[in-house]
Amino acid sequence: MPDTELTTPLGAAERAAMFAGVPQEPGAGKPDPILVVDNISRTFGGLKAVDVAHLEIQRGCITGLIGPNGAGKTTLFNLLTGFDRVDTGTWSMDGASLGRLHPHHVARRGIVRTFQLTKSLSKMTVLDNVRLGARHQRGERMLGALLPWTWRAQEREITDRAYDLLARFDLAGKADDLAGSLSGGQRKLLEMARALMTDPTVVMLDEPMAGVNPALTQRLLGHIKSLRDDGMTVVFVEHDMDVIRDISDWVVVMAQGSVIAEAPPDELSGNSAVVDAYLGSHHDQALEFDEAGNPVGATAVLAEALEEAEVQALAAGADLSGQDVPVAVPSDSASRTAQPETDEPGTPENR
Ligand SMILES: Nc1ncnc2c1ncn2[C@@H]1O[C@H](COP(=O)(O)OP(=O)(O)OP(=O)(O)O)[C@@H](O)[C@H]1O
């Protein structure tokens, strides 16, 4: 069980007011950080996948973590939750160090992350998947083995809690179905239910919307917000900018292993470091669009930056007819002009 009591949830206005005082810069201090990261690095071969000097995560809020492909987001998640080992650095929750703990110890301190459904979990029932989220609790310890009635009581407790969570995430009717039979959106709900079995304080969601049918998106977003409403701190990796804007209170941007920007979601498209990171990453990459022809992932960030630049240029009295719109980028790349890499990028067919 986590050491930390859940706090009274803040309202939207309180959260906005709180972040209004936070400087929009990498490593910005937060009013009440629950997680503090210092000088974490992780190298694979010659590649520094993560190299974060300082990062604070605000308690009771939803922090979105974005960045181009290979920026180090998943590796950072793995490091913070004990699924990978840092080369250097420290991180703590409410002042207590979490360095070099095994994942189940990190979970007991109150930090969990979601995982995509694996092949073997797909062959188990939905209920068993959720029950498995309670692994490493009392029932698996020596005392449980010696005192079976303790173990049985706990098994009942775990099953009851699993049913409660399945009901919360609208999966009660699927309890006895194989997890592999669930839709993309239901799988995401199952991942969340499984993570909540340990009653966490901090929930880290890795691409919670990936593969989710648009019809389920709003419900899933509602579920993520409900975690915050219950006093939990949520950190999530996501490529969909609409999702980022909808649910994040604050956004941390990574590129090449480091935090390169922090800002409220509405301020991102005007941030030159963000634009530059996505532009840089897109030099050799195809633009990405969803089935409806809307830009997604890094392409959406780029499209937003272009729109923002257009709005600003128009406001400054520019005539944009037939001209490329220069996007504000730092001086080392000032010669770059953001423009699509094909003339007709609007539909999936012509990519
Ligand atoms: N186990 C590993 N062995 C070798 N290289 C790795 C390993 N894990 C990650 N990397 C590399 O580290 C870098 C960061 O990867 P990571 O998956 O953390 O990025 P990401 O921001 O999550 O990317 P994406 O958005 O594409 O998932 C990448 O260059 C990746 O190839």
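Which glycine takes a positive phi just after H9? Keep that in mind as you read these notes.

1. **What you are looking at.** This is a predicted model, so please read every value below as computed from that prediction. The protein has 351 residues, and 40% of them count as buried. Its secondary structure comprises 12 helices and 10 strands. Take the contacts between residues at least 6 apart in sequence: 68% of these join residues at least 24 apart.

2. **Helix H9 and the glycine after it.** The residue asked about above is glycine 231, with a phi of about 95°.

3. As background, strands of a sheet pair through backbone hydrogen bonds, either parallel or antiparallel.

4. **The pairings, one by one.** Strand E1 (residues 33-44) meets E2 over 10 bridges, and phenylalanine 44 has leucine 47 of E2 as its bridge partner. E1 also pairs with strand E4 (residues 88-93), over 5 bridges; here leucine 35 stands opposite methionine 93. E4 and E5 are joined by 2 bridges, with serine 92 opposite serine 97. The hairpin of E4 and E5 has 2 residues between the strands, and aspartate 94 takes a positive phi near 50° there.

5. **Leucine 98.** Is leucine 98 buried or exposed? It has 21 C-beta neighbours inside 10 Å, and the threshold for burial is 20 or more, so leucine 98 counts as buried. You will find leucine 98 in the loop between strand E5 (96-97) and helix H3 (103-109). Setting aside neighbours within four places in sequence, leucine 98 is in contact with Trp91, Ser92, Met93, Val106 and Arg109. The C-alpha atoms of leucine 98 and arginine 109 are separated by 8.4 Å, with the two residues 11 apart along the chain.

6. **Around the ligand.** Which residues surround the ligand? They are Phe44, Leu47, Ala49, Gly67, Asn69, Gly70, Ala71, Gly72, Lys73, Thr74 and Thr75. By class, this shell has 4 nonpolar, 6 polar and 1 charged residues. Strand E2 (47-58) and helix H2 (73-80) each supply at least two of the shell residues, and H2 gives the most, with 3.

7. **Helix H2.** H2 is mostly covered, with 7 of its 8 residues buried. The buried ones are Lys73, Thr75, Leu76, Phe77, Asn78, Leu79 and Leu80. After H2 comes glycine 82, whose phi is positive, near 85°.

8. **Strands E9 and E10.** Strand E9 (residues 250-255) pairs with E10 in the antiparallel sense over 5 bridges. The two form a hairpin with 2 residues between them, and glutamine 256 in the turn has a positive phi of about 50°. In E10 (residues 258-263), 5 of the 6 residues are buried, so this strand is largely enclosed by the rest of the structure.

9. **Valine 253 and the core.** The bridge partner of valine 253 in E10 is alanine 261. Not counting residues up to four places away in sequence, valine 253 touches Ile66, Gly67, Val259, Ile260, Ala261, Glu262, Val274 and Ala277. Valine 253 is also one of the residues with the most contacts inside the largest nonpolar core, which has 83 residues. In soluble globular proteins, nonpolar side chains tend to be buried together.

10. **Arginine 245.** Arginine 245 is found in helix H10 (residues 241-247). With 16 other C-beta atoms within 10 Å, arginine 245 is partly exposed. Beyond its neighbours within four places in sequence, arginine 245 is in contact with Pro265 and Asp266. Arginine 245 and glutamate 267 are 22 residues apart in sequence, and their C-alpha atoms are 9.9 Å apart in space.

Note on methods:
Residues numbered from 1 in each chain as written. Predicted model: local features only at pLDDT ≥ 70, side-chain atom pairs only at ≥ 80, totals over all residues. Helix = DSSP H or I, 4+ residues; strand = E, 2+ residues; numbered from the N terminus. Near = placed C-beta within 6 Å. Nonpolar A, V, L, I, M, F, W, Y, C, P; charged D, E, K, R; others polar. Buried ≥ 20, exposed ≤ 12 C-beta atoms within 10 Å, placed from the backbone. Contact = placed C-beta atoms within 7 Å. Pairing = 2+ DSSP bridges. Core = buried A, V, L, I, M, F, W, Y, C linked by C-beta atoms within 7 Å.
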